[in-house]
Amino acid sequence: MNNIAENIQSICNQLNKNVQLIAVSKLKPCSDIMEAYNAGQRLFGENYVQELVEKYPQLPKDIQWHFIGHLQRNKVKYIIDFVSCIQGIDNENLLKEVDRQANKHNRVVDCLLQFHIAQEETKFGFTFEEAQQMLQNTNFANLQHIRICGVMGMASFTNDNNKITQEFKQLKIYFDSLKQNYFADKNYFKEISMGMTNDFAIAQQEGSTMVRIGSAIFGKR
Ligand SMILES: *Cc1c(COP(=O)(O)O)cnc(C)c1O
(Lines give C-alpha, C1' and ligand atoms only; values in the text may rest on other atoms or scores of the structure.)
Protein backbone atom coordinates (compact mmCIF):
# COMPACT_ATOMS: atom_id res chain seq x y z
CA MET A 1 0.00 0.00 0.00
CA ASN A 2 2.89 2.38 -0.50
CA ASN A 3 2.44 3.12 -4.17
CA ILE A 4 1.61 6.80 -4.24
CA ALA A 5 0.50 6.81 -7.87
CA GLU A 6 -1.87 3.91 -7.24
CA ASN A 7 -3.25 5.54 -4.12
CA ILE A 8 -4.01 8.74 -6.03
CA GLN A 9 -5.65 6.77 -8.83
CA SER A 10 -7.82 4.88 -6.39
CA ILE A 11 -8.97 8.08 -4.66
CA CYS A 12 -9.66 9.83 -7.96
CA ASN A 13 -11.83 6.87 -8.95
CA GLN A 14 -13.97 7.60 -5.90
CA LEU A 15 -14.30 11.33 -6.51
CA ASN A 16 -16.94 13.09 -8.56
CA LYS A 17 -15.63 15.06 -11.51
CA ASN A 18 -16.27 18.41 -9.85
CA VAL A 19 -14.30 17.57 -6.70
CA GLN A 20 -10.66 18.61 -6.60
CA LEU A 21 -8.05 16.56 -4.79
CA ILE A 22 -5.53 18.39 -2.60
CA ALA A 23 -2.68 16.00 -1.82
CA VAL A 24 -1.63 16.82 1.73
CA SER A 25 2.12 16.30 1.86
CA LYS A 26 2.96 17.69 5.30
CA LEU A 27 5.80 15.83 7.03
CA LYS A 28 6.51 13.89 3.81
CA PRO A 29 9.72 14.24 1.80
CA CYS A 30 10.03 15.93 -1.59
CA SER A 31 10.66 12.51 -3.16
CA ASP A 32 7.12 11.50 -2.20
CA ILE A 33 5.75 14.73 -3.62
CA MET A 34 7.60 14.04 -6.86
CA GLU A 35 6.00 10.61 -7.09
CA ALA A 36 2.58 12.22 -6.84
CA TYR A 37 3.64 14.94 -9.28
CA ASN A 38 4.80 12.36 -11.81
CA ALA A 39 1.41 10.71 -11.49
CA GLY A 40 -0.13 14.01 -12.61
CA GLN A 41 -0.99 15.61 -9.27
CA ARG A 42 -0.50 19.40 -9.23
CA LEU A 43 -2.44 20.54 -6.16
CA PHE A 44 -0.69 20.06 -2.85
CA GLY A 45 -1.50 21.10 0.69
CA GLU A 46 0.96 21.89 3.46
CA ASN A 47 0.36 23.25 6.91
CA TYR A 48 3.70 24.17 8.39
CA VAL A 49 5.24 27.40 7.11
CA GLN A 50 8.86 26.44 7.70
CA GLU A 51 8.43 23.11 5.96
CA LEU A 52 6.68 24.63 2.96
CA VAL A 53 9.35 27.32 2.62
CA GLU A 54 12.03 24.61 2.53
CA LYS A 55 10.22 22.40 0.04
CA TYR A 56 9.02 25.05 -2.38
CA PRO A 57 12.35 25.83 -4.14
CA GLN A 58 13.13 22.13 -4.58
CA LEU A 59 9.96 21.30 -6.49
CA PRO A 60 8.45 22.08 -9.91
CA LYS A 61 7.02 25.56 -10.30
CA ASP A 62 3.70 24.45 -11.74
CA ILE A 63 2.66 22.96 -8.41
CA GLN A 64 -0.19 24.88 -6.80
CA TRP A 65 0.37 25.12 -3.07
CA HIS A 66 -2.55 25.43 -0.71
CA PHE A 67 -1.76 26.43 2.83
CA ILE A 68 -4.30 24.38 4.76
CA GLY A 69 -3.57 24.78 8.45
CA HIS A 70 -3.56 27.43 11.09
CA LEU A 71 -1.45 30.34 9.87
CA GLN A 72 0.17 32.78 12.26
CA ARG A 73 -0.07 36.36 11.13
CA ASN A 74 3.66 37.01 11.46
CA LYS A 75 4.42 34.14 9.08
CA VAL A 76 2.25 35.21 6.17
CA LYS A 77 5.19 37.07 4.62
CA TYR A 78 7.22 33.89 4.13
CA ILE A 79 4.73 32.19 1.82
CA ILE A 80 2.76 35.02 0.26
CA ASP A 81 4.75 35.31 -2.96
CA PHE A 82 4.12 31.76 -4.12
CA VAL A 83 1.14 30.22 -2.32
CA SER A 84 -1.92 29.80 -4.54
CA CYS A 85 -4.59 29.54 -1.84
CA ILE A 86 -4.69 30.10 1.91
CA GLN A 87 -7.40 27.83 3.27
CA GLY A 88 -7.15 28.62 6.93
CA ILE A 89 -8.38 32.20 7.24
CA ASP A 90 -9.89 32.19 10.72
CA ASN A 91 -9.82 35.83 11.78
CA GLU A 92 -10.06 39.27 10.26
CA ASN A 93 -6.57 40.40 11.24
CA LEU A 94 -5.07 37.45 9.42
CA LEU A 95 -7.04 38.32 6.30
CA LYS A 96 -5.84 41.93 6.49
CA GLU A 97 -2.25 40.79 6.82
CA VAL A 98 -2.61 38.50 3.79
CA ASP A 99 -3.98 41.47 1.86
CA ARG A 100 -1.14 43.73 3.00
CA GLN A 101 1.58 41.23 2.09
CA ALA A 102 -0.05 40.27 -1.21
CA ASN A 103 -0.18 43.96 -2.10
CA LYS A 104 3.61 44.17 -1.68
CA HIS A 105 3.99 41.44 -4.27
CA ASN A 106 1.32 42.80 -6.54
CA ARG A 107 -0.73 39.64 -6.16
CA VAL A 108 -4.33 38.72 -5.48
CA VAL A 109 -4.31 35.63 -3.28
CA ASP A 110 -7.21 33.20 -3.06
CA CYS A 111 -8.46 32.53 0.46
CA LEU A 112 -11.02 30.28 2.11
CA LEU A 113 -12.75 31.17 5.37
CA GLN A 114 -12.27 28.42 7.91
CA PHE A 115 -15.29 27.64 10.06
CA HIS A 116 -15.40 25.94 13.40
CA ILE A 117 -17.78 23.03 12.80
CA ALA A 118 -16.32 20.34 15.07
CA GLN A 119 -16.98 19.99 18.75
CA GLU A 120 -13.32 19.79 19.67
CA GLU A 121 -11.90 22.92 21.23
CA THR A 122 -8.67 22.54 19.31
CA LYS A 123 -10.04 23.23 15.85
CA PHE A 124 -9.64 26.78 14.65
CA GLY A 125 -12.19 28.76 12.72
CA PHE A 126 -14.78 31.49 12.60
CA THR A 127 -18.22 31.15 14.07
CA PHE A 128 -20.85 32.10 11.54
CA GLU A 129 -21.59 35.33 13.42
CA GLU A 130 -17.93 36.36 13.39
CA ALA A 131 -17.68 35.80 9.66
CA GLN A 132 -20.83 37.81 9.01
CA GLN A 133 -19.54 40.67 11.12
CA MET A 134 -16.35 40.72 9.11
CA LEU A 135 -18.09 40.59 5.75
CA GLN A 136 -20.50 43.38 6.68
CA ASN A 137 -17.66 45.60 7.77
CA THR A 138 -16.85 48.23 5.17
CA ASN A 139 -13.12 47.72 5.76
CA PHE A 140 -13.54 44.35 4.19
CA ALA A 141 -14.54 45.81 0.85
CA ASN A 142 -11.24 47.70 0.73
CA LEU A 143 -9.16 44.55 0.64
CA GLN A 144 -8.10 44.41 -3.00
CA HIS A 145 -5.42 41.74 -2.77
CA ILE A 146 -7.42 38.84 -1.43
CA ARG A 147 -10.22 36.92 -3.08
CA ILE A 148 -12.50 34.86 -0.88
CA CYS A 149 -13.29 31.74 -2.88
CA GLY A 150 -15.32 29.81 -0.34
CA VAL A 151 -15.19 28.00 2.96
CA MET A 152 -13.20 25.30 4.69
CA GLY A 153 -13.84 23.12 7.71
CA MET A 154 -12.77 20.04 9.61
CA ALA A 155 -15.23 17.62 11.14
CA SER A 156 -14.78 16.08 14.57
CA PHE A 157 -12.35 13.21 14.77
CA THR A 158 -14.87 10.45 15.50
CA ASN A 159 -16.30 7.20 14.19
CA ASP A 160 -19.79 8.63 14.49
CA ASN A 161 -20.71 9.16 10.83
CA ASN A 162 -23.94 10.87 11.79
CA LYS A 163 -22.07 13.52 13.65
CA ILE A 164 -19.62 14.04 10.78
CA THR A 165 -22.54 14.30 8.36
CA GLN A 166 -24.22 16.94 10.51
CA GLU A 167 -21.04 18.99 10.74
CA PHE A 168 -20.51 18.96 6.99
CA LYS A 169 -24.17 19.84 6.44
CA GLN A 170 -23.60 22.83 8.70
CA LEU A 171 -20.64 24.01 6.66
CA LYS A 172 -22.70 23.70 3.47
CA ILE A 173 -25.43 25.82 5.07
CA TYR A 174 -22.84 28.47 5.98
CA PHE A 175 -21.54 28.42 2.43
CA ASP A 176 -25.01 28.78 0.89
CA SER A 177 -25.89 31.62 3.20
CA LEU A 178 -22.66 33.56 2.56
CA LYS A 179 -23.03 32.97 -1.15
CA GLN A 180 -26.54 34.36 -1.16
CA ASN A 181 -25.84 37.33 1.12
CA TYR A 182 -22.37 38.48 0.15
CA PHE A 183 -21.10 36.71 -2.94
CA ALA A 184 -24.13 36.14 -5.17
CA ASP A 185 -22.49 37.89 -8.11
CA LYS A 186 -19.01 36.42 -7.52
CA ASN A 187 -18.45 33.34 -9.64
CA TYR A 188 -15.21 32.62 -7.86
CA PHE A 189 -17.00 32.08 -4.54
CA LYS A 190 -17.66 28.40 -5.15
CA GLU A 191 -15.40 26.22 -3.01
CA ILE A 192 -16.33 24.06 -0.05
CA SER A 193 -13.14 22.46 1.21
CA MET A 194 -14.16 19.56 3.41
CA GLY A 195 -13.17 15.91 3.68
CA MET A 196 -9.95 14.16 4.68
CA THR A 197 -8.75 10.54 4.52
CA ASN A 198 -11.35 9.23 6.94
CA ASP A 199 -14.37 11.27 5.96
CA PHE A 200 -14.05 12.37 2.33
CA ALA A 201 -16.86 10.08 1.13
CA ILE A 202 -19.29 11.75 3.52
CA ALA A 203 -17.94 15.19 2.65
CA GLN A 204 -18.49 14.55 -1.02
CA GLN A 205 -22.09 13.50 -0.38
CA GLU A 206 -22.63 16.73 1.51
CA GLY A 207 -21.37 18.93 -1.30
CA SER A 208 -17.60 19.20 -0.95
CA THR A 209 -15.77 20.68 -3.95
CA MET A 210 -12.29 20.07 -2.56
CA VAL A 211 -10.99 17.22 -0.44
CA ARG A 212 -7.69 17.41 1.44
CA ILE A 213 -6.17 13.96 1.64
CA GLY A 214 -2.85 13.01 3.21
CA SER A 215 -2.46 9.57 4.74
CA ALA A 216 -4.51 7.72 2.12
CA ILE A 217 -1.98 8.94 -0.48
CA PHE A 218 1.34 9.10 1.33
CA GLY A 219 0.80 6.65 4.18
CA LYS A 220 0.81 7.30 7.91
CA ARG A 221 2.70 10.31 9.22
C1 LIG B 1 -3.34 16.88 7.87
C2 LIG B 1 -4.51 17.57 7.33
C3 LIG B 1 -5.31 16.96 6.34
C4 LIG B 1 -5.07 15.56 5.80
O5 LIG B 1 -5.32 14.61 6.77
P6 LIG B 1 -5.41 13.04 6.44
O7 LIG B 1 -6.26 12.49 7.51
O8 LIG B 1 -4.00 12.53 6.49
O9 LIG B 1 -6.01 12.88 5.09
C10 LIG B 1 -6.36 17.69 5.84
N11 LIG B 1 -6.64 18.94 6.27
C12 LIG B 1 -5.91 19.54 7.23
C13 LIG B 1 -6.28 20.92 7.66
C14 LIG B 1 -4.83 18.88 7.79
O15 LIG B 1 -4.13 19.48 8.75
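Here are a few questions and answers about a ligand site and a pocket in this predicted model.

The model is predicted, so local features need pLDDT of at least 70, side-chain atom pairs count only at pLDDT 80 or more, and totals for chains, interfaces and linings use all residues. Residues are numbered from 1 along each chain as its sequence is written, and side-chain values use heavy atoms, leaving out hydrogens and water.

Q: Which residues come nearest to the ligand?
A: A residue counts as near if one of its heavy atoms lies within 4 Å of the molecule. There are 13 residues around the ligand, and the ones that come nearest are K26, T197, G214, S215 and R221.

Q: How far is an oxygen atom of the ligand from an N or O atom in the side chain of T197?
A: A polar contact here is a pair of N or O atoms within 3.5 Å. For the side chain of T197, the distance is 2.5 Å.

Q: How much of the ligand's exposed area does the protein bury?
A: Accessible areas come from the Shrake-Rupley method with a 1.4 Å probe. Taken alone, the ligand exposes 380 Å², and the share of that buried by the protein is 92%.

Q: Which residues lie nearest the centre of the second largest pocket?
A: On a 1 Å grid over the protein atoms alone, a pocket is an open set of points where a 1.4 Å probe fits, with protein on both sides within 12 Å along at least five of seven lines; lining residues have an atom within 4 Å of a point. This pocket has 14 lining residues, and nearest its centre are F140, L143, F183, K186 and Y188.

Methods: Polar contact = N/O pair within 3.5 Å; in protein donor to acceptor, adjacent residues only side chain to side chain.
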